[in-house]
Amino acid sequence: MSIRKSAFSAALILVLSLPFAVRAADTPHWVHYKLLNKSSTTPKKVVILPVSVDVFEVTAGDVKEKVPEWSAEAGNNIIRSLSATINKEAGLKEVKMPRLSKNEAASVDEHMALYKLVVNTASTIGWDHKIRRFDYGIGPGLKSLQRKTGADAAVMVYGQDYASTAGRKTKAVLGRIPIVNIFTGAPPTLGHSFVHIGVVDLKTGDLLWMNSEYRDGASNLRDYGDANDIISEIFDWYPGIEEYRKVYVD
Amino acid sequence: MMKKILTLIGSVLLSSGCAQTAYWTMTDDMNPVAKSTSFEMTIPEGWVRTTQPETWERIDIDGELQTVLLESMAVTYDGLGIHGISVTRRYSDTAFPTIKKKSTANMLPLEAADLYVAELRKRSGLERLKVLSNKPAKVGGKQAFELVMQYKNDDGLRIKIMTYGFVDKTGFYTISYRAPYLYYYDRDYAKFKKLVSSFRQLKGAFDPPPKIPAWAKLFT
Amino acid sequence: MRYILPVILLLTLAGCATTGGVTALTSAKDTENLQDKERRLWHEAGGFDDTIERSGQLYENRSATAYLQSVMDRLYPEFKGKIRIQIYDSTQLNAFALPNGSIYINLGMLARIENEAQLAAVLGHEAVHFVNKHSFLQRVSTKNMAAFAVSGIPFSSLAAASSISGYSRDLEREADAGGYARLVKSGYDPREAHKVFQHLADEVKALDIEEPYFFSSHPQLNDRINEFKSMSARHSGGGRVGSKSYNSIMSPLRLDALRKDIGQDRYRSVILVMEDGSKRAYYPAAGYYYLGEAYSRRDEKGDDKKALDAYRKAEKLAPKFSPTYMRLGMYYMKIGNKGKARHYFNRYLSLASKDANDRGYVQQYLKSL
């Protein structure tokens, strides 16, 4: 990428992220209006749905390759950390995910797909009225899971981790050296980690709470410490009802 | 260079639209009717709609980006990323631009429906778009089609689309509702039907079509 | 130079086809011993399989799929259970093999192929990509996978590189040669092989497109046709063609392919097959209805008459095919011949299923007449 092009791209990204940057600086999490007006209560028992975490290795040439073992490792770290965090959290208890029939599993999968669609919009919408009255949800289609587990809510997680190869890291270093970078090209962006967590009321499908964490560079979900750090950071804002009310409602 | 500056300016304008409501208008009991040049309809309370209609779009026709005139308004409650209603008028000459077909005043709704589905499939690359039903209907007193379609996205989420469409000498009109089959489609179905029944064509529909704005030609 | 020949000989004598240090698979068992990077590719391919299935991109037809699998198992018995065939729901002429042994053949390709020997030529070719690990080789060497974006196959760098001509010239030649060898070994008539590429060439000509750019770095279609012809000329002749077995299963799929072609505005493909006597012979008579639709869609000078003629042929040769009557009814309605319009619309209603999509329209038209 030429310097002019990368400067333009950087300017574009900055401009487009401005409205969201303002939002993120206040509180990073979202709280459903029913928790704010107390027509819903925070859940007591939660079940963690199958976690969707993909880890990619990115080469110097920008080729992204999903690494199955790394993805499994990162997923396990997230689940372990999540379990530990939930059970530490006052008033919250984890209920184990039961075995599901083929149809139940298909329904959970489709609800997970709906969840991803909803949170991608919900977390970037920027409309004042939706922030003040956050009312997103995925509908009551997972009620059977509530009956089966006795849980009030489901914790839904998805994440991605991009790990740079040694070649890419080298290119990143060399790309910052004047004159050398004429030959190597502009430095590529290094890896990053992203985890999103949401708590969904199993009876109504209301997205009661959600938060996410994005980390640049050195973070690595395959490292339990890093994964735990991210999960802790995310849950630091749980449920954060009054904080949310103070900033966005009152 | 000019193109990039304009893109950046456009992005600033759009961002400000994202942060405020310059691009979007909230509907309440004081402003329930959304009006465009050719049509108007009543929007459900609490939904947002585009403040002004889009008057042109850039589409890929046989590998070349072309600017096509239209008149289109979008309506949504939760955001277009999840669901939405779009009301569009296309001019006769570019009624089905990707398949390069025109609409004619005496075109039957069934014929328009067939072309519309082919246009959708080609434009979106969604060969797997299924037609669940295709029935005659009436919109604004005119003979129309009612299409119900469905496809699954890459995550396996079923997306359902209901489209009403009619043709007259002023062009091809569609009122389309797209939402995930799970929860959203049924939730807002009645509101969509109410919007459709409120649709009215306006006298402005019979005005000569506008020209592509000079600044938009910079993108050609 | 004098050292090169012995080295080549040594490698050949070793009995394994190695390319760039990657060893080809010899049986299903070999798939249990993959390198780390190969396993990653397999996993990615598995994810791709899941995406295709859950997003509804498969063409579901159990008997056709079972038949295709039986042909593949005949060609590659040592890989039974590892190479899995599915039908991809696209009317474009293509097939692709993923690194994990999943092979997809497009509905459009199946509709155009005329017999089991031609099918075996396609499957044999695709399986070589899997056996010789071409996806892995190409992945390692390709810098810009996005260059392979094509339609008619699901867009992804992995699939695009796996398509029937998505590989480099050398790898495609290897697949042609390997597939041909399997064809002969399995007892198929090799003189059918070049016809598959002839179908592709006809399609390219009919659609008036430049040979798709993914052909541009590969042996051109005509080169491949000639190559297969000269290979089969060296063959003594004979072999299984399997026309009856193939067509008894594929005939209904062909009608579906025509319907989907019209639904995607691929009317030129429909005209290509239905106006070519040798191709049309493989399609059910109801295909004339779709020919009528194609001419209506093309809408060039004289096409309205051609469309009407095609509908009339469909009426005569496929009298139970209800959509024909709806179109004829619409034609007569538009020219003001109410009597004939009513006749055809009533015929449609008597034949069409109760939940046929167009019933409502026909009932409305009858009321208006």
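Which residues does Gly165(B) touch, not counting those up to four places away in sequence? Point 2 takes this up.

1. **Ground rules.** This is a predicted model: local features need pLDDT of at least 70, side-chain atom pairs count only at pLDDT 80 or more, and totals for chains, interfaces and linings use all residues. Residues are numbered from 1 along each chain as its sequence is written, while chains are lettered from A and ligands numbered from 1 in the order in which they are written.

2. **Gly165 of chain B.** Gly165(B) touches Ala112(B), Ala113(B), Tyr116(B), Ala144(B), Phe145(B), Phe172(B), Tyr173(B) and Thr174(B). Two residues are in contact if their C-beta atoms, placed from the backbone, lie within 7 Å. Gly165(B) sits in strand E10 (residues 158-168) of chain B. Helices (H or I, at least four residues) and strands (E, at least two) are DSSP runs, numbered from the N terminus. Gly165(B) counts as buried, because 25 other C-beta atoms lie within 10 Å. The cut-offs: buried means 20 or more other C-beta atoms within 10 Å of the residue's own, exposed means 12 or fewer, and partly exposed is in between, with C-beta atoms placed from the backbone. Gly125(B) is 40 residues from Gly165(B) in sequence and 21 Å away in space, C-alpha to C-alpha.

3. **Confidence in chain A.** The mean pLDDT of chain A is 85, and 90% of the residues score at least 70. pLDDT is the predictor's confidence in each residue, from 0 to 100. Where pLDDT is low, the predicted coordinates should not be read in detail.

4. **Strands in chain A.** Strand E3 (residues 52-58) of chain A runs parallel to strand E6 (residues 153-164) of chain A, with seven bridges. Two strands pair if DSSP finds at least two bridges between them. E3(A) also pairs with strand E4 (residues 64-66) of chain A, in the antiparallel sense, over three bridges. Follow Val58(A): it stands opposite Ser164(A) in E6(A) and opposite Lys64(A) in E4(A). The hairpin of E3(A) and E4(A) has five residues between the strands, and Asp62(A) there takes a positive phi near 70°.

5. **A sheet in chain B.** Chain B has an open sheet of three strands in the order E2-E3-E12, with antiparallel pairing. Strands E2 (33-35) and E12 (200-201) of chain B are at the edges with a single partner strand each, so one side of each has no neighbour in the sheet. E2(B) joins strand E3 (residues 39-42) of chain B through three bridges. Lys35(B) stands opposite Glu40(B) in E3(B).

6. **Where B meets C.** The contact takes 20 residues from chain B and 17 from chain C. On the chain B side, helix H2 (109-124), strand E8 (130-139) and strand E9 (142-152) each give two or more residues. By class, that side has eight nonpolar, five polar and seven charged residues. Here Ala, Val, Leu, Ile, Met, Phe, Trp, Tyr, Cys and Pro count as nonpolar, Asp, Glu, Lys and Arg as charged, and the others, Gly among them, as polar.

7. **The core.** The largest nonpolar core has 193 residues, and Ala154(A), Ile105(C) and Ala127(C) have the most contacts inside it. Such a core is a set of buried Ala, Val, Leu, Ile, Met, Phe, Trp, Tyr and Cys residues joined through C-beta atoms within 7 Å. Helix H5 (residues 116-131) of chain C gives the largest share, ten residues. Leaving aside neighbours within four places in sequence, the contacts of Ala127(C) include Met72(C), Leu75(C) and Ile103(C).

8. **Two loop residues in chain C.** Lys133(C) has a positive phi near 55° and is not a glycine. Lys133(C) lies in the loop between H5 and helix H6 (134-141) of chain C. Asp265(C), also not a glycine, has a positive phi of about 65°. Asp265(C) is in the loop between helix H11 (243-263) and helix H12 (267-274) of chain C. Asp265(C) is buried, because 22 C-beta neighbours lie inside 10 Å.
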